[in-house]
Amino acid sequence: MPTSRRAFAAAAVAALVLPLSACGSGGDGGGSADASGKVEGDITFQTWNLRANFKSYFEGVIAGFEKKYPDTHVKWIDQPAEGYADKISADAAGGTLPDVVNVSPDLVAPLAEAGLALDLDKAAGTYKSEYLDGAWASHRIPGMSGTYAFPWYLNTGPLFYNKSLFKKAGLDPDQPPRTYDELFADALRMARQTDGKVATLANVPTIEDFGRYGVPLMNEEGTGFAFNDLKGVQLLSKYRELYDAKALDPQALTATPESSGKKFLTEAVAMNPGSALDLGNFKKQAPGLYRNIGITDQITSTGHVNMYVMGVMVNSRTRHTPAAVAFAHYVTDAQNQMSFAKKVAIFPSTAGSLDDPYFTKEDGADETRVRIAAAKSLKNAVNYTPVLFSEQMKTALRNEVAKALQGKESPKTALDNAVKACDRLLQQQG
């Protein structure tokens with residue numbers, strides 16, 4: 001299940017698609033933004049590495065749609081995870097982009113800029129109220145008006161913490177930190193009480209942390225990054241304080257999710273993000289940790305946790321706009337999203353769905369505990385990672401953060417350099 005595929009960069013798409021915008025997005029495709037006509041015609045629907053595990057589900061969805069609209073036919077195409085961005089890029093450049101396409105926000109951005117993604121605020125705005133506000137907003141592009149994909153499934157992860165380590169440090173095991181200020185205070189206390197032997201965190205701050213801290217990540221026009229403001233510098237300065245006090249694991253600079261998870265498993269770190277799958281691992285590999293596990297929301301000073309979101313885009317050049325819009329909506333409506341969520345550990349983006357007993361009622365199972373915690377936090381979650389923030393930009397930020405934590409640069413200089421590097425990469429994309 002490709003919940004981690006949000007990491008795909010849009011650079012390959014941008015390289016081939018953006019030149020199309022210079023020629024005008026009308027092209028010879030003859031598409032129409034009017035979705036109000038009769039739902040009819042043959043359309044193609046492309047998913048991203050889903051056929052192997054969910055063939056019967058999608059065949060059922062398509063059959064249901066064709067039954068509802070007898071004058072339609074949907075051809076389903078599934079592409080492998082590897083090279084998906086390149087495939088979209090080639091299709092966009094060659095004029096063979098399917099009518100309805102499974103995308104992530106970073107992949108839809110260059111397509112929208114090239115005029116190839118239908119603006120759903122105009123063509124399907126009547127459906128907006130069916131979705132969570134944060135989910136609908138996740139496929140908006142800075143500097144552009146409009147929304148360019150229906151939100152589909154969501155994901156997020158709770159934060160696990162070790163109640164025993166909290167108790168030993170004199171912290172209330174039933175009151176984990178919820179804001180960054182609380183986190184920093186608790187982390188410094190944990191380090192002092194254990195003489196630096198137990199760190200609270202094993203990860204350096206990412207763009208999502210700056211977002212959750214309340215830092216403006218881009219300017220209003222979407223033409224440049226802004227996370228080097230006073231608040232951004234404050235966050236990085238706090239992390240440097242943690243690093244110096246050994247409240248942040250010394251190996252955080254080179255940590256991977258796997259290595260951070262191992263630190264938490266061996267009780268060398270007191271807090272770590274995770275998923276329902278981790279609980280099963282704790283139970284098997286570290287029963288002592290499992291007995292003392294706490295589950296809480298992601299740390300945030302904004303009141304909104306981070307969400308990862310997938311979307312369904314309509315090709316603006318489709319010859320069957322009413323059918324393509326109707327199908328994209330059908331795939332992402334509450335009933336079909338709920339059915340999909342019960343087959344795999346994802347969450348629906350439709351309003352009200354997270355109030356279903358499946359996401360609210362405990363049954364004693366580990367997976368249910370995590371599912372309920374995640375669902376509760378998703379109701380007003382935000383996709384903090386800017387849609388224009390590429391993998392290269394993530395690397396640039398991480399490198400500068402490392403220099404600041406090691407004392408090679410001041411937090412202000414490090415963030416100034418990171419913003420310059422990211423702005424340069426942004427200009428290259430455009």
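# Terms and values in a predicted model

Modeller: Of the 430 residues of the protein chain, 55% count as buried. Buried means under 20% relative accessible area, exposed means over 50%, and partly exposed lies in between, with a 1.4 Å probe and protein chains only. This is a predicted model, in which local features need pLDDT of at least 70 and side-chain atom pairs count only at pLDDT 80 or more, while totals for chains, interfaces and linings use all residues. Residues are numbered from 1 along each chain as its sequence is written, and side-chain values use heavy atoms, with hydrogens and water left out.

Biologist: How many helices and strands are in the protein chain?

Modeller: The protein chain has 18 helices and nine strands. Both are DSSP runs numbered from the N terminus: helices are H or I with at least four residues, strands are E with at least two.

Biologist: What makes the protein chain as compact as a globular protein of that length?

Modeller: Its radius of gyration is 23 Å, close to the 22 Å from the globule rule for 430 residues, so the protein chain is as compact as a globular protein of that length. The radius is taken over C-alpha atoms, and the rule is 2.2 Å times the number of residues to the power 0.38. Along the principal axes, the C-alpha atoms fill a box of roughly 70 × 50 × 35 Å.

Biologist: Which values describe the packing of α10 and α17?

Modeller: Helix α10 (residues 230–244) and helix α17 (residues 391–405) pack at about 55°, with their axes 9 Å apart. Axes are lines fitted to C-alpha atoms, for helices over the stretch in contact, and angles between N-to-C directions run from 0 to 180 degrees. That makes α10 oblique to α17, because angles under 35 degrees count as roughly parallel, over 145 as roughly antiparallel, 65 to 115 as roughly perpendicular and the rest as oblique.

Biologist: Which residues meet there?

Modeller: Leu236, Tyr239, Arg240, Tyr243 and Asp244 of α10 meet Val401, Ala404 and Leu405 of α17; contact means heavy atoms within 4.5 Å. By class, this contact of α10 with α17 has six nonpolar, no polar and two charged residues. Ala, Val, Leu, Ile, Met, Phe, Trp, Tyr, Cys and Pro count as nonpolar, Asp, Glu, Lys and Arg as charged, and the others, Gly among them, as polar.

Biologist: At what angle do α8 and α10 cross?

Modeller: The axes of helix α8 (residues 180–193) and α10 come within 10 Å and cross at roughly 15°. That makes α8 roughly parallel to α10. The contact joins Tyr180, Phe184, Ala187 and Leu188 of α8 to Leu235, Lys238, Tyr239, Glu241 and Leu242 of α10. These residues of the contact of α8 with α10 divide into seven nonpolar, no polar and two charged.

Biologist: Why does Ser145 count as exposed?

Modeller: Ser145 has 60% relative accessibility, and therefore counts as exposed. Ser145 lies in the loop between α6 (133–137) and β4 (150–155).

Biologist: What makes Asn49 partly exposed?

Modeller: Asn49 has a relative accessible area of 34%, so Asn49 is partly exposed. Asn49 sits in the loop between β1 (41–48) and α2 (51–68). Its phi is positive, about 60°, although Asn49 is not a glycine.

Biologist: Why is Lys246 called partly exposed?

Modeller: The relative accessible area of Lys246 is 46%, which means that Lys246 is partly exposed. Lys246 is in the loop between α10 and α11 (257–265), and its phi is near 65°, a positive value in a residue other than glycine.
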